[in-house]
Amino acid sequence: MTDQHFHDGELRLQDQLGVREKMEIAAQHMMRNFMPDQHRQFFEGLEYIFLGTVDKTGLPHASLLSGAPRFVYSPNPETLIIQTGYRDNQPALQALAVGQAVGVLGLDLSNRRRNRMHGRISELNDDSITVSVVQSYGNCPKYISVREISERDVRIESKITEGAALNIADVDLISAADTFFIASYVSDGSNASYEGVDMSHRGGEPGFITVDSPSQISVPDYKGNNLFNTLGNLLVNPNAALLFIDFETGDHLHINGEATLIEDADDIAEYAGAQRLLRIQIKRIRRQSCATALRWRFIESSPFNPTLDQT
């Protein structure tokens, strides 16, 4: 495996801001092919994680998995084992296979701490997956709304429906969202450390996402860590998977679509604090009621969120 940290999509965006050399130096210190002990302990204390996967057709998926602390554990710095439970009600996980790339986002909504890792499945059992680490690093706490778990082990039968366009309930959920998750990936056969699946968080004030039509949404991209993992991936491969969560009901809205990066100044000017826009042309929707046994209580918004123009 080569030690190149970034691919052409990420480098293009870093070049635009004049930070390419700076980010390469930073990557040498922050990006590792193993998890330091504090990251391993962090993952083991979580009751939920976010997983990015790719199915056999090349379609990415973004999923939330939950369990008691240590349902995710790390027997050594190069390995993360995730207890998935039986995957009958998790369509995105049914196509997993040994050797497949996955992205893992560890996020504690109660304190805004998050770590990212991507790797490859080295072992697959009926109720668990073992991931060999390819790249691991921490992330800043920007744009994360604080939430605390209010209920656990809510047992209500989950139902799945599918569609190709947003309905009224979908629009309401997206329009009120302050948080969503996005999976993207690059697979170019390079065997470089950047190659794989990225699972990322996006946040802002409720209303920061615009529903342009039943088949299109637009999302502002705020100032971040300049790694450009998600946007860089989407420049190379526009296939994106979005996950919206109703934190009070446990319902999930999964969106697959084609992403376009909008850099036109007039379009961007309509979104406070945006450096660029991500426009998603929706191709497929899956709605899953009561998809998780957890419920959350909202505490506060991120102080980094741009104030939305209400005019």
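Reader: In which sense do strand β12 and strand β13 pair?

Author: The model discussed here is predicted. Strand β12 covers residues 210–213 and strand β13 covers residues 216–221. A hairpin through two residues joins β12 to β13, and V211 has I217 in β13 as its bridge partner. Over three bridges, the sense of the pairing is antiparallel.

Reader: Is N229 buried or exposed?

Author: N229 is found in helix α5, which comprises residues 229–236. The cut-off for a buried residue is a relative accessible area under 20%. Because the relative accessibility of N229 is 7%, this residue counts as buried.

Reader: Which side chain is joined to that of N229 by a polar contact of 2.6 Å?

Author: Leaving aside neighbours within four places in sequence, N229 is in contact with E10, M31, R116, Y137, S184 and D198. With the side chain of E10, the side chain of N229 makes a polar contact at 3.0 Å. The polar contact of 2.6 Å joins the side chain of N229 to that of Y137.

Reader: What is the phi of R70?

Author: R70 lies in the loop between β2 (60–66) and β3 (72–76). Most residues other than glycine have a negative phi. R70 is not a glycine, yet its phi is positive, at about 80°.

Reader: What is the relative accessible area of R70?

Author: The class of partly exposed residues lies between the buried limit of 20% and the exposed limit of 50%. R70 is partly exposed because its relative accessible area is 48%.

Reader: Where is N191 placed, and what is its relative accessible area?

Author: The place of N191 is in the loop between β10 (179–186) and β11 (196–203). Phi of N191 is near 65°, a positive value in a residue other than glycine. N191 counts as partly exposed because its relative accessible area is 41%.

Reader: How many Å apart in space are D37 and T79, C-alpha to C-alpha?

Author: D37 belongs to helix α3, residues 37–45. In sequence, D37 and T79 are 42 residues apart. In space, their C-alpha to C-alpha separation is 12 Å.

Reader: Which residue has a side chain joined to that of D37 by a polar contact of 3.1 Å?

Author: D37 is partly exposed, with a relative accessible area of 46%. The polar contact of 3.1 Å joins the side chain of D37 to the side chain of R40.

Methods:
Residues are numbered from 1 along each chain as its sequence is written. This is a predicted model: local features need pLDDT of at least 70, side-chain atom pairs count only at pLDDT 80 or more; totals for chains, interfaces and linings use all residues. Side-chain values use heavy atoms; hydrogens and water are left out. Helices (H or I, at least four residues) and strands (E, at least two) are DSSP runs, numbered from the N terminus. Buried means under 20% relative accessible area, exposed over 50%, partly exposed in between (1.4 Å probe, protein chains only). A polar contact is a pair of N or O atoms within 3.5 Å; within protein, one must be able to donate a hydrogen and the other to accept it, and residues adjacent in sequence count only if both atoms are side-chain atoms. Contact means heavy atoms within 4.5 Å. Two strands pair if DSSP finds at least two bridges between them.
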